[in-house]
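Please examine the structure shown here together with its sequence. A short report on its main features accompanies it.

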Amino acid sequence: MGTLSCVSTHAGETSEGPRGGSQTGARSNDDSQPRWILTGIGELCTARGSSPRGGAALGAVHTSHGQAIVFEGERIAAIGEEAEILADFGETTAQRFDAEGGLVIPGLVDAHTHPVFLGTREGEFEQRIAGASYLDIAKAGGGIRSSLAGVRGATAAELLGALIPRLDRFLALGTTTIEAKTGYGLTVADEIKGLDVIREAHRNHPVDLVATCLGGHDVPPEFTGRPKDWVEVVAKELWPEAATRAAFADVFTESHVFGLDDSRRLMESARDLGMGLRMHVDQLTSFGGAELAAELGASSADHLEHVTEHGIAALAERGVQPVLCPLVPLYLRETQEAPARAMVAAGLAPALSTDFNPGSCYCMSLFEVMSWGALRYGFSSGEALTAATLNAACTLGLGADRGTLEVGKRADLVITDLPSAKHLTYELGRSPVRHVIKDGRMAWDASSFQPTR
Ligand SMILES: [Zn+2]
């Protein structure tokens, strides 16, 4: 896997306790390691460990009551019975923050998003509601291609200006890390522009962004009828420039986009440069994409609505994690759901993601996704939570750093107003997020309806 070049590179930060440094988005490199304690936790629910959880382990979350959490700098220093923690770390009440009896969970990790674009596609949504299919719209020049004009015509500053409010919304919805794809530029210069925007956003916003170059999102209009020529441009010109900016490369493997041979060429050339691999596979047809992702040892195989039993077995054999997006078929008015239960039974360790993008899923809420994971896949609340935290982090190579609430891990967590973890999937249509802690600092306070950076 490639280096996660944009993780933990935020600059110029201060941290002085739960409310400290509220005017900057950042953490410090100084040695002061400010300490504070989260008390008043009603229920604490988290997966444990650093490796992907599949099979019966997917739902084996740890639930406890009356706990307190000690933060030092950007890490969790201790978790234990509140009375014992206060006896050991008491300090002053000024260095405590009260969760007011709410459920506390790890910061959510969204392992599949397309947040770098200008202009929305609500007109296509109306077309689909009136009966057009995703492929009908794509073949008529809509879909991904309709977003190209926005990105190509925009400056980096304009794209950043559109991205930051989206990150505010992710944060407000409890998501503290996102994988962020390019893919709406589809020239070498415009893809690199998108990666630079992602890096800039990562440096200046509390939400961590892990960059993916989606040079294989579509065949650009200039290369219509000759996809192999674009494949060679990506392999020889785009990937070498992207490899220093993005942790991952990605391709849309589908009959109307890139076939298996072109996809293999794109992925192998990225891997040769040290990039990790993510792949959009078997979303609209059974195309053998899962088998290819397994052959290549990809970090994730995403979508998989049409994966076959053979494809599931191939993924299981290589330990490739599925990234499932249950809102997408709903949004596209497709009827085929990913066979998530069969994947879990085969031992696969799925992540749940929004697939936030302007066309096929304009939703940033992983709480919504967890509920749909329950309703459509039969995921328990514990399974949904693991899939939206630890398993998602593992697809990004970050399982040892975040995704659970354990001593030594990054202090990313969400304080909700929910009474228990079972409410995570039970309640639809309202954000239960009261506060978001990112890197040990208060990054979102719902009572002020704005980020505290
Ligand atoms: Zn996608």
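Residues are numbered from 1 along each chain as its sequence is written.

The chain has a mean pLDDT (the predictor's confidence in each residue, from 0 to 100) of 91, and 91% of its residues reach 70 or more. Over residues 1-17, pLDDT stays under 50, and it also stays under 50 over residues 19-31. Where pLDDT is low, the predicted coordinates should not be read in detail.

An automatic or database domain assignment divides the chain into domain 1 (35-106 + 404-451) and domain 2 (108-395). Their C-alpha centres are 29 Å apart. In contact (C-beta atoms, placed from the backbone, within 7 Å) are 29 residues of domain 1 and 30 residues of domain 2.

Two residues other than glycine have a positive phi, as tabulated.

| Residue | Phi | C-beta atoms of others within 10 Å |
|---|---|---|
| L304 | about 65 degrees | 28 C-beta atoms |

L304 is in the loop between β13 (300-303) and α10 (309-318). L304 is buried (20 or more other C-beta atoms, placed from the backbone, within 10 Å of its own) because 28 lie within that distance.

How values were computed
This is a predicted model: local features need pLDDT of at least 70, side-chain atom pairs count only at pLDDT 80 or more; totals for chains, interfaces and linings use all residues. Two residues are in contact if their C-beta atoms, placed from the backbone, lie within 7 Å. Helices (H or I, at least four residues) and strands (E, at least two) are DSSP runs, numbered from the N terminus. A residue is buried if 20 or more other C-beta atoms lie within 10 Å of its own, exposed if 12 or fewer, and partly exposed in between; C-beta atoms are placed from the backbone.
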